[in-house]
Amino acid sequence: MKELICIVCPKGCHLQVDEQNDYQVFGNSCPRGAEYGKNELLHPTRVLTSIVKVTGGNHHCCSVKTNGGIPKEDIEKAMELLKPVQVKSPVHIGDVVVSNVCGTGVDWIATKNV
């Protein structure tokens with residue numbers, strides 16, 4: 001039995017996941033917690049945040065995030081992809097900065113207008 005704290009919402013439910021019994025989840029107060037507990041053991045992912053350089057704008061950088069979860073084993077590669085990236089102003093919230101990060105179908109998107 002694995003013990004986790006759910007990070008889907010601010011409640012922070014204390015989950016127990018039974019690996020021996022088809023990854024049944026106990027302690028969740030909503031269905032999202034059950035899904036999180038199972039996925040966290042089978043295929044953990046994280047939404048990432050960072051910044052990229054901006055040229056020609058009133059700010060020198062723009063915040064970005066992934067529009068979905070990246071497998072934990074690809075986090076380092078996903079972050080490395082941003083090092084050489086420079087976007088040209090204007091940048092709008094939701095603009096794709098890097099597409100299909102590590103072949104996952106997830107994109108780095110802008111979270112700030114510059």
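A residue is called buried when its relative accessible area is under 20%, and exposed when that value is over 50%; the model shown in these views is predicted.

View A. Leaving aside residues up to four places away in sequence, V17 touches M1, K2, L4, Y23, Q24, V25, G37 and L41. One of these partners, L4, is 13 residues from V17 along the chain, and the C-alpha atoms of the two are separated by 7.8 Å.

**View B. I7 in the loop between β1 (2-5) and β2 (14-18).** The relative accessible area of I7 is 54%, which is over the 50% limit, so I7 counts as exposed. When residues up to four places away in sequence are not counted, I7 touches Y36 and R46. The view also takes in G37, which is 30 residues from I7 in sequence, with a C-alpha to C-alpha separation of 9.6 Å in space.

**View C. S89 in the loop between β8 (86-88) and β9 (96-98).** Although S89 lies in a loop, this residue counts as buried because its relative accessibility of 18% is under the 20% limit. A polar atom of the S89 side chain lies 3.1 Å from the backbone oxygen of V114. V114 is also among the residues that S89 touches, together with V54, T55, G56 and G57, again not counting residues up to four places away in sequence.

Conventions. Residues numbered from 1 in each chain as written. Predicted model: local features only at pLDDT ≥ 70, side-chain atom pairs only at ≥ 80, totals over all residues. Heavy atoms only, no water. Helix = DSSP H or I, 4+ residues; strand = E, 2+ residues; numbered from the N terminus. Buried < 20%, exposed > 50% of the residue type's maximum accessible area, 1.4 Å probe, protein only. Polar contact = N/O pair within 3.5 Å; in protein donor to acceptor, adjacent residues only side chain to side chain. Contact = heavy atoms within 4.5 Å.
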